Amino acid sequence: MLDKGKITSIQLALLIITVIASTSVLFLPSVIVQEAGRDSWIFIFPLAFGLAAAYLCVSLGLCFEDKSIIVYANEIMGKYIGSFIAALYIFFFIWLNTLVVRQFSIFINTAFMPETPELTFKIIIILLAAYAVKNGIEVITRSNQFMFPIFVIFYSLIIFFSLSEIDFTNFLPVLENGIKPVIKGSIAPASWIAEIILLLVLIPNINQPSELKKNSVYIIVVIVIIFVSDIIVTVGVLGANLTSHLVFPFLSLSRYSRATMVLERIETLVMLLWVAPVMVKVTAIHYCASISCAQFFNLSDYKSLVMPLGILTIVWSIILADNSRELVFIIDKIMPYYIFILALPIPALLLIIHKIKQKRSSKA
Amino acid sequence: MKKIIVFVIIISYISLGSGCWSRREVESLAIVSAYTIDKVTVDGQDKYRTSALVFKPSASGQSIQGSGQTIEPYWIFSAVGDNIFDSGRNLSARSPRFMFSAHSDLIIVGERLAREDGINKVIDLILRHKDFRLRNYILITKGEALKILEASPELETILAQEITNIIENSSKNISKSYTVNIQKFTNTLMSLGQDAVTGKVEACTLSKFGTQKQPNKSIRLTGAAVFKDFKLAGWLSDTETKGFLYLINKAKMGVIPLSLPGSNKQNLSFSMRNANTKIIPIINDNEISFIVDVKAEGNIGDVEDNISVAEPEQIIEIEKIANKKITNIIRSAVQKSQELEADIVGFGEIIHRRNPKVWKEISADWKNLYPYLDININVETEIHGTGMISDPIDIE
């Protein structure tokens, strides 16, 4: 165990919710509405997918309560294949972090501070994240416990202010083109839910792992509620046609909504709502990347890896995509396939092989 | 000692490091409250002209001493460029301060730009830039939009404020003009089953009176502008706009002048307090028609002739006349839109929402179908009372 910190499974659940919801809230409607149009709120596929991924990850993790996937992949699959699987996950964590950092800097740069170089935001967020990661998982979850209510309150405020503007005729007709576009549109959002695979690395730090099965269902349900409310309000207020053209629909929504003619221009809330949880998200992913990297190389301490990985993330996030549309392409068209492989087939494979091995050894 | 040093460092960080990179000081901003965009011909070439109405806070209420002349609290200036964004940026060549658009409320587009180039150019620019809001109003004017800015506000300090306040507070009392914000306008522009309509503003000349120097021009919201395939197709008059408002269920208050039988004067008014419209599509095998059901309620606003209105039968009589009148108003709007071949009410969208299967078959051909559509109008008026008096006053 590289990090002796212990967290409760509720703390972990809150952390995972922040990780998944923070970036998605802003981009979700435009991604899904482009394909699914007025029917975007029908969110069955991501729900089913999320539940399946959560079930697999939790049941796999609970077989090895005090080890992370980097360690037990070796035990189950042998040295070479196991190391390959572990490397896939490590690569994914670093890659995911670069995507988030890039999204963060592009958003602040386009929507709020066009004259500040993007690099500034990247350095600031990585420095903060590195500091938190060095302090261990307990500090990360505690800072998240502090951020989470802020996130929920501001998010609900924006939703609440927009409720009176919802025009439900924007959702008619229902399922005009059948269910196909809906499923096509929800592939990317489903892959965001699959970020729950961070559990595979974080499970050893929980003090009552048995509660996690129940809590992982809560995670998915809360996430789906946040996603669906986001879509319903954005499409209901702005209309499906316009939403599909917006890059940050939720920001446009917050600029549009106003409370009783008095409280207008509440988009600063979005800035707060976005920056604080994204900081937590970057921290959590960075933590997973550093600790799994240290486990992979059998280091005695993960802290020496934090800054090098941070610098790698900053540089990679610059060369990752030439412009914002390329980033959107990566997130929409490439990331889903990668994360699907890591969230469904690999855990399923590991789980099956582990069960078979267990049966054999108990028979023998 | 160490603690004190750390404390001093932290405090100095807060005080010295609190500046933001992309900050803007209020003194260095020119706060734009309205933009107008025109297409103009300069030396035989088509160019675009953007004008800005800038709020001048220091000058409000001041007057040059001795001369008795007041400085206007606003500043209007324009620039020409090869396209709309270029001309907007060229404004900076004349502005000593940074052009700050986040507080602009209005965009007024000239007739020529809307008719020749299409309004989608302007909408794209507005949506693309972070400073403009989806809640801004977009208005069209006959002739050049810059002419509107030459008018002076009469009650408010700045013209943009005056126009927005008319839109938000007063225009709904008469239901004679229609305005939309960018969000609604864009959605109707992008809809296959509906053509877009937006507000029309015009400058009107005032006559001077008294010794006081009065503004010689002011603005008025009147009618609406109809778009077809992004391009300005025509105008709705006041009456047609009222009919249009009935059709989209936005006519809530207003005055309907009526003439009683046997009189050729409009000697009675129905003061409408509320109205509700339902549009029901009727689809038989090949025939599509619509029924428009309007229920209007209100009182008698005034009686300008010596007619008795105290008896219930007389009220019923007036209700019948009002039904006819409102039907005619609505019909005029329908006829105009069919003439322009622009489905401004969104009859197509109604079919789309109710019968997606039927819509799939006819959507491609909807533009040709619409002008020949059968639209039946039923109006039911209810007069609740005659106000504070019953019969008009008379010599007894």
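Residues are numbered from 1 along each chain as its sequence is written, and chains are lettered from A in the order in which they are written. Because the model is predicted, local features need pLDDT of at least 70 and side-chain atom pairs count only at pLDDT 80 or more, while totals for chains, interfaces and linings use all residues; side-chain values use heavy atoms, with hydrogens and water left out.

**View 1. Asn144(A) and its contacts in chain A.** Let's start with Asn144(A), found in helix 6 (residues 137-163) of chain A; helices here are DSSP runs of H or I with at least four residues, and strands are runs of E with at least two, both numbered from the N terminus. Asn144(A) counts as buried because its relative accessibility is 0%. Buried means under 20% relative accessible area, exposed over 50%, and partly exposed in between, using a 1.4 Å probe and protein chains only. Setting aside residues up to four places away in sequence, Asn144(A) touches Leu14(A), Leu15(A), Thr18(A) and Val280(A) (contact means heavy atoms within 4.5 Å).

**View 2. The lining of the largest cavity.** The whole structure holds two cavities of 30 Å³ or more, and the largest has about 80 Å³ of space. On a 1 Å grid over the protein atoms alone, a cavity is a set of points where a 1.4 Å probe fits but cannot get out, and lining residues have an atom within 4 Å of a point. Points are joined across faces, edges and corners, and the volume is the space filled by probe spheres set on them. Among the lining residues are Phe27(A), Gln103(A), Trp192(A), Glu195(A) and Lys281(A). Helix 4 of chain A gives the largest share of this lining, four residues.

**View 3. Where chain A meets chain B.** Here, 32 residues of chain A are in contact with 27 residues of chain B. Two salt bridges are counted between these chains, each a side-chain nitrogen of Lys or Arg within 4 Å of a carboxyl oxygen of Asp or Glu. Look for the salt bridge that joins the side chains of Arg38(A) and Glu349(B), at 3.5 Å from N to O.

**View 4. Gly199(B) in strand 7 of chain B.** Strand 7 spans residues 197-205 and includes Gly199(B), which is buried, with a relative accessible area of 0%. Beyond its neighbours within four places in sequence, Gly199(B) is in contact with Ile138(B), Leu139(B), Ile140(B), Tyr178(B) and Thr179(B).

How values were computed
1 Å grid on protein atoms, 1.4 Å probe; cavity = no way out; pocket = protein on both sides within 12 Å on 5 of 7 lines; lining within 4 Å.
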